[in-house]
Amino acid sequence: MKSDIKFVSIIMGSKSDYEIVSECAKIFDKFDILYEMIVSSAHRSPKRTMDYVINAEKKGSQVFICAAGMAAHLAGVVAAHTTKPVIGIPMSGSALNGVDALYSTVQMPGGIPVASVAIGKAGATNAAYLAMQILALSDEDLATKLKKDREAKSKKVEEDSSSIEKLL
């Protein structure tokens with residue numbers, strides 16, 4: 001059941017992560033990137049998580065983005081079931097403000113990599129961009145869109161500066 005459709009899978013460990021994780025969806029919508037988004041827990045619904053990863057890969061998922069807080073290791077569990085790139089977004093909300101989630105995402109055993117981005121909203125934004133950079137390796141149109149987006153961001157900094165700068 002191999003598909004010609006290519007997309008990104010977004011998995012969050014809890015519905016409470018949606019507000020932050022939806023930043024990925026906003027960016028993907030802006031760039032016309034296909035994605036799926038589900039809630040599945042590495043610990044509360046491990047079979048659902050495993051089944052989703054296996055089926056998503058068969059359907060054409062190219063990259064998995066996983067968001068989880070506390071020491072929940074959703075990204076690691078997903079990485080155990082696929083050789084596709086996995087990007088972990090550590091979520092805050094615990095007594096340790098996301099540091100526990102960061103450590104559980106970053107500290108993977110050798111040979112089972114998980115890319116990790118910043119905690120929270122900046123992480124969700126960067127996860128989307130990193131996923132698109134991975135997809136752009138085989139999609140020249142997307143690569144061009146990303147370059148134009150980067151140029152627009154650079155121009156915006158210059159415009160913002162010109163409205164306030166004072167140089168000697």
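Start by selecting Asp 149: leaving aside neighbours within four places in sequence, its contacts (heavy atoms within 4.5 Å) are Lys 30, Phe 31 and Tyr 129. A word on what you have open: this is a predicted model, where local features need pLDDT of at least 70, side-chain atom pairs count only at pLDDT 80 or more, and totals for chains, interfaces and linings use all residues. Residues are numbered from 1 along each chain as its sequence is written, and side-chain values use heavy atoms, with hydrogens and water left out.

Stay on Asp 149 and show helix H6, residues 140–162, where this residue is found. Helices (H or I, at least four residues) and strands (E, at least two) are DSSP runs, numbered from the N terminus. Asp 149 counts as buried because its relative accessibility is 11%; buried means under 20% relative accessible area, exposed over 50%, and partly exposed in between (1.4 Å probe, protein chains only).

Next, pick Asp 32, in the loop between helix H1 (18–30) and strand S2 (35–39). Asp 32 is exposed, at 63% relative accessible area, and has a positive phi near 60 degrees. Most residues other than glycine have a negative phi.

Finally, jump to Asn 97, in the loop between strand S4 (86–91) and helix H4 (99–106). Its phi is also positive, about 55 degrees, and Asn 97 is exposed at 56%.
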